[in-house]
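Open the model in your viewer and keep the sequence panel beside it. The stops below each start with a selection.

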Amino acid sequence: MLVEDEAPIRDLLRFALEQQDYGVVEAGSVAQARLAIAEHRPDLILLDWMLPQVSGVDLARELKAAPTTADLPIIMLTARGAEEDKVKGLNLGCDDFITKPFSTAELLARIQAVLRRVTPGGADEIIRIGDLLIQLAAQRVSVAQQPVHLGPTEYRLLLFLAGHPERVYSREQLLDRVWGQNVYVEERTVDVHIRRVRKALAAFDRDGWVQTVRGSGYRFSPDPAR
């Protein structure tokens with residue numbers, strides 16, 4: 001995710017990142033970033049220090065304080081090169097700090113270094129339940145080696161449920177764990193995305209693995225008798 005209020009800089013950085021096969025989600029303000037993070041949880045955030053109304057520093061502090069986003073890696077982009085500013089950014093929990101102007105080669109190298117540090121278990125970490133396979137680093141889902149096409153929110157929802165099989169979660173709990181505690185959406189939003197997950201799995205006759213527990217919430221279980 002790229003959070004930068006100056007459109008020419010966003011365009012330049014987006015082009016450089018897409019040339020390296022990164023998917024880029026853009027935001028021009030903290031308000032836009034909050035909404036985008038809720039819908040497209042990023043692997044890494046490039047965050048400008050100086051943003052209108054609410055600063056990048058304030059957003060970084062907010063993200064690091066929330067349990068659902070505390071582990072999101074952040075690289076601060078700033079024209080402030082003073083040592084005390086770098087220390088402030090790093091003390092907030094930011095993973096790196098790069099001063100403008102910078103070369104795209106340097107930025108790409110820093111992104112790769114941060115992603116190597118924060119990707120748990122490397123590119124091979126997977127969740128496997130029966131013939132369902134979730135590749136965490138690649139964010140790919142397959143059944144019997146055939147790809148399952150999911151949107152970002154549906155992917156996170158399936159990942160959370162499959163990562164905690166046989167456990168029942170209420171809609172409120174799923175909102176907190178998947179969408180985040182600082183995101184205000186209605187509980188019925190969970191139902192909409194559950195239906196989308198089931199629709200994607202239905203092509204493989206696996207939609208019954210995402211189960212409704214009447215009066216309680218939802219559970220992931222490969223046991224059709226549950």
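pLDDT is the predictor's confidence in each residue, on a scale from 0 to 100. You need it here, as this is a predicted model.

**Stop 1: the whole chain, colored by confidence**

Start with everything selected. The mean pLDDT of the chain is 84, and 88% of the residues reach at least 70. Helix H4, residues 83-91, has the lowest confidence, with a mean of 63. Strand S1, residues 2-3, has the highest, at 95.

Switch to a cartoon view. The chain holds eight helices and twelve strands. Of its 226 residues, 42% are buried. Consider contacts with a separation of 6 or more: residues 24 or more positions apart account for 54% of them.

**Stop 2: H2 against H6**

Select residues 30-39, which form helix H2, and residues 152-163, which form helix H6. Their axes lie 8 Å apart, and the packing angle is about 55 degrees. An angle from 65 to 115 degrees would count as roughly perpendicular, and one under 35 as roughly parallel. H2 and H6 are therefore oblique to each other.

Show side chains at the contact. H2 brings Ile-37, Ala-38 and Glu-39. H6 meets them with Pro-152, Thr-153 and Arg-156. By type, the residues of this contact are three nonpolar, one polar and two charged.

**Stop 3: H6 against H8**

Which residues of H6 meet H8? Select Thr-153, Glu-154, Leu-157, Leu-158 and Leu-161. On the H8 side, select His-193, Ile-194, Arg-196, Val-197 and Leu-201. The residues of the contact of H6 with H8 divide into six nonpolar, two polar and two charged. Look back at Thr-153 in H6: this residue also takes part in the contact with H2.

**Stop 4**

Move to strand S5, residues 96-99, and select Asp-96. Is Asp-96 buried or exposed? Its relative accessible area is 16%, so Asp-96 is buried. The side chains of Asp-96 and Arg-110 make a polar contact at 2.8 Å.

Next, step to the loop between S5 and helix H5 (104-118), where Pro-101 sits. The peptide bond joining Lys-100 and Pro-101 is cis, with omega at about -10 degrees.

**Stop 5**

Most residues other than glycine have a negative phi, and most peptide bonds are trans.

Select Gln-145, in the loop between strand S8 (140-143) and strand S9 (146-148). Gln-145 is not a glycine, yet its phi is positive, at about 70 degrees. Its relative accessibility is 74%, so Gln-145 counts as exposed.

Finish at Asp-205. Where is Asp-205? Look in the loop between H8 and strand S11 (210-213). Asp-205 is not a glycine either, and it has a positive phi of about 60 degrees. With a relative accessible area of 61%, Asp-205 is exposed.

Definitions and conventions. Residues are numbered from 1 along each chain as its sequence is written. This is a predicted model: local features need pLDDT of at least 70, side-chain atom pairs count only at pLDDT 80 or more; totals for chains, interfaces and linings use all residues. Side-chain values use heavy atoms; hydrogens and water are left out. Axes are lines fitted to C-alpha atoms, for helices over the stretch in contact, and angles run from 0 to 180 degrees between N-to-C directions. Helices (H or I, at least four residues) and strands (E, at least two) are DSSP runs, numbered from the N terminus. Angles under 35 degrees count as roughly parallel, over 145 as roughly antiparallel, 65 to 115 as roughly perpendicular and the rest as oblique. Contact means heavy atoms within 4.5 Å. Ala, Val, Leu, Ile, Met, Phe, Trp, Tyr, Cys and Pro count as nonpolar, Asp, Glu, Lys and Arg as charged, and the others, Gly among them, as polar. Buried means under 20% relative accessible area, exposed over 50%, partly exposed in between (1.4 Å probe, protein chains only). A polar contact is a pair of N or O atoms within 3.5 Å; within protein, one must be able to donate a hydrogen and the other to accept it, and residues adjacent in sequence count only if both atoms are side-chain atoms.
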